[in-house]
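The sequence and the structure are shown first.

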Amino acid sequence: MTNQASGPALQQKYKEIINEKRFTELAKLVESSKEKPADYIVRMGYKNYMEEPQGKKVKLFYIMKLKEIAGINPEKNIIKEACEISLNMDSPEILEALIKRVGFDKSIFKEIQPAVQKTYTDYVADGKFVDVSKLIELTDVIPSEDIIQKGYEGYLEEAKFISFAGLKKRTNIPPDPDMVQSMYRKYHFNYLKYKNLSTEQSTEWLERLKKLMRISKIEPQGITIEEEEPLPEHDN
Amino acid sequence: MAKDKDKDKVLDYLLKKQLPTLPTIFTEFSKLVSNPFVSNKKVSDLIMKDQAMVVKILRLCNSAMYGKRQEIKNLTNAITYLGLETLKNIILQIALVRMFRFEHNKIPDFNPAAFWQHSISTAYFSNIMEKTLKLRHNENFYIGGLLHDIGKVLVYQFYPGKFEEIVLMQIEDEVHDYQAETEILGVDHAEIGGILAEKWNFDKEIIDAIQYHHSLLKSRSSLVTAVVNISNLFSKKAGLCFPWDEKSFDIKTSGGWQMLMEESKMHIDVDHTILVLTEENEAVKEAVKELLAPVKT
């Protein structure tokens, strides 16, 4: 059935429903009325949602819901703010949903580069290499060389070879050869230090040297790595 | 041939020497509740012997995952609220987390929380699928989901070096975990997990779900295996797993749906089911956090 209300009375009703986030009712009203909510009322709704003191995820949910029903895009500053909130979440899942449901040009991420780079820093620090590649795909913004190289270095310091390999594979950004050489020297120094003191420690540093060779695909310079001994039947 | 030899060695080693036994608290509890007339008092007395267990049960009981409505403050109320079957599942979860503490973590990238997050979410998603699709009730959905990757724990515990090699192969060659495991160990986590579940005397449906969650066509009890297969993929898609296991794929194309429809003889609204599972992500994350948090008694 078509709703007969129109003009200022209908717009007033839209305003009320949008402000009170009665989305099911809003969807029904939009469907049954010939007149859609005015742009300024919808945009006012977005603005109010962002300013209200509710949880961040809830704000994003309201924005997505209103866009889906009213079909009017939020203003650029609102989109930017919503993107920044999504970038602060644990994973790019929410950002993906925001892009899909609100629909806006990816060039916006170039304008909020510092927020995107900050997210890369967090993901790299947490070893979330899958999320790093997902964020590249979603934003078209490449993580800065500095973030990636610091990530590689940190991983090697902590013997996180899986994270190292994952980041390299997912970003296609090679590690800095000088940093890798300096790590080889560090590992080798420790290997020599423990060689005659502790078999366990020296084996560990030797293993690190071999793993680094394997995953970095960079040959060590000025260091000879000893031949591998046969693996035991089980590791521990 | 070489792979077969590796497989024999690995299985022989695991079978003859090192397989852990099922946690006592769980076996005692299962035995007790197999009597349909058991009183809540007896159940409570058994659990009360383990105060850390009581604290964990109450925390989980009050998390969103178990549909908290009002705070449950004591074990007696928790038993009534959860029911014996859910309680049994919770006890198994807690006992497994305790059993595999990964105290001597040899791989700095290995995050035990990610493993448990994946196991518990798969179990929980299996349970939600059972309810959403109105499948005939079967406790094996939950336990199958919880244990589906238990073989990975054994690979990690007994072959940490190879575990790392497996993951590196997964990343560098972009292959699945079970493919890399077969390449390196000659056997995959599904087969190893199946052996452990057999040793622990779990139901055949559970063993099947563990063994064949990656190879549905070999499954003999397809319904539980199909549900575990979908829940496993969903959990990975939601990022509730090790970062290297997270894959970009379309969950709708999983063969599990087809098998599920054939076995249950029902039409399944795949989109709706995925939506229902998506809404539960946060509850699962919260419950895992509670489960892994240290307990002071």
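Helices are taken here as DSSP runs of at least four residues, numbered from the N terminus, and the loop that holds A:Asn172 is the one between helix H11 (161–171) and helix H12 (177–195) of chain A. The model under discussion is a predicted one.

## Overall form of chain A

The secondary structure of chain A consists of 13 helices and 0 strands, and its order along the sequence is accordingly α-α-α-α-α-α-α-α-α-α-α-α-α. The C-alpha trace of chain A extends over about 90 × 35 × 25 Å when it is laid out along its principal axes.

Of the 236 residues in chain A, 33% are buried. When the contacts in chain A between residues at least 6 apart in sequence are considered, 64% of them join residues at least 24 apart.

## Domains of chain A

Chain A is divided into domain 1 (1–104), domain 2 (106–175) and domain 3 (176–229). The centres of domain 1 of chain A and domain 2 of chain A, taken over C-alpha atoms, are separated by 32 Å, and the contact between these two domains involves 11 residues of domain 1 of chain A and 11 residues of domain 2 of chain A.

On the side of domain 1 of chain A that touches domain 2 of chain A, at least two residues each are supplied by helix H5 (76–87) and helix H6 (93–102) of chain A. The largest share of that side is the 5 residues that come from H5(A). By class, the residues of this side of domain 1 of chain A are 7 nonpolar, 1 polar and 3 charged.

## Contact between the chains

Where the two chains meet, 18 residues of chain B are in contact with 20 residues of chain A. On the side of chain B that touches chain A, the elements that give two or more residues are helix H1 (2–18) and helix H10 (160–173) of chain B. H10(B) gives the most to this side, with 8 residues, and the side as a whole has 10 nonpolar, 2 polar and 6 charged residues.

## The largest nonpolar core

Which residues touch the most other members of the largest nonpolar core? Among the 134 residues of that core, they are B:Ile120 and B:Val227. Helix H7 (residues 112–132) of chain B contributes the largest share of the core, 9 residues. If neighbours within four places in sequence are left aside, B:Val227 is in contact with B:Ser126, B:Met129, B:Glu130, B:Phe141 and B:Leu260.

An α-helix has 3.6 residues a turn, so residues three or four places apart point the same way. After H15(B) comes B:Lys265, whose phi is positive, near 55°.

## Individual residues

B:Asn40 lies in helix H3 (residues 40–48) of chain B. Is B:Asn40 partly exposed or buried? B:Asn40 counts as partly exposed because it has 13 C-beta neighbours inside 10 Å, whereas a residue is buried if 20 or more other C-beta atoms lie within 10 Å of its own. Apart from neighbours within four places in sequence, B:Asn40 is in contact with B:Thr76, B:Ile79 and B:Thr80; B:Asn40 and B:Leu84, although 44 residues apart in sequence, are 8.9 Å apart in space from C-alpha to C-alpha.

A:Asn172, a residue other than glycine, has a positive phi near 60°, and A:Asn172 is exposed because it has 10 other C-beta atoms within 10 Å. In chain B, B:Glu174 is likewise a residue other than glycine with a positive phi, near 50°. B:Glu174 is found in the loop between H10 and helix H11 (177–185) of chain B, and it counts as exposed, with 10 C-beta neighbours inside 10 Å.

Conventions: Residues numbered from 1 in each chain as written. Chains lettered and ligands numbered in written order. Predicted model: local features only at pLDDT ≥ 70, side-chain atom pairs only at ≥ 80, totals over all residues. Buried ≥ 20, exposed ≤ 12 C-beta atoms within 10 Å, placed from the backbone. Contact = placed C-beta atoms within 7 Å. Domains from an automatic or database assignment. Nonpolar A, V, L, I, M, F, W, Y, C, P; charged D, E, K, R; others polar. Core = buried A, V, L, I, M, F, W, Y, C linked by C-beta atoms within 7 Å.
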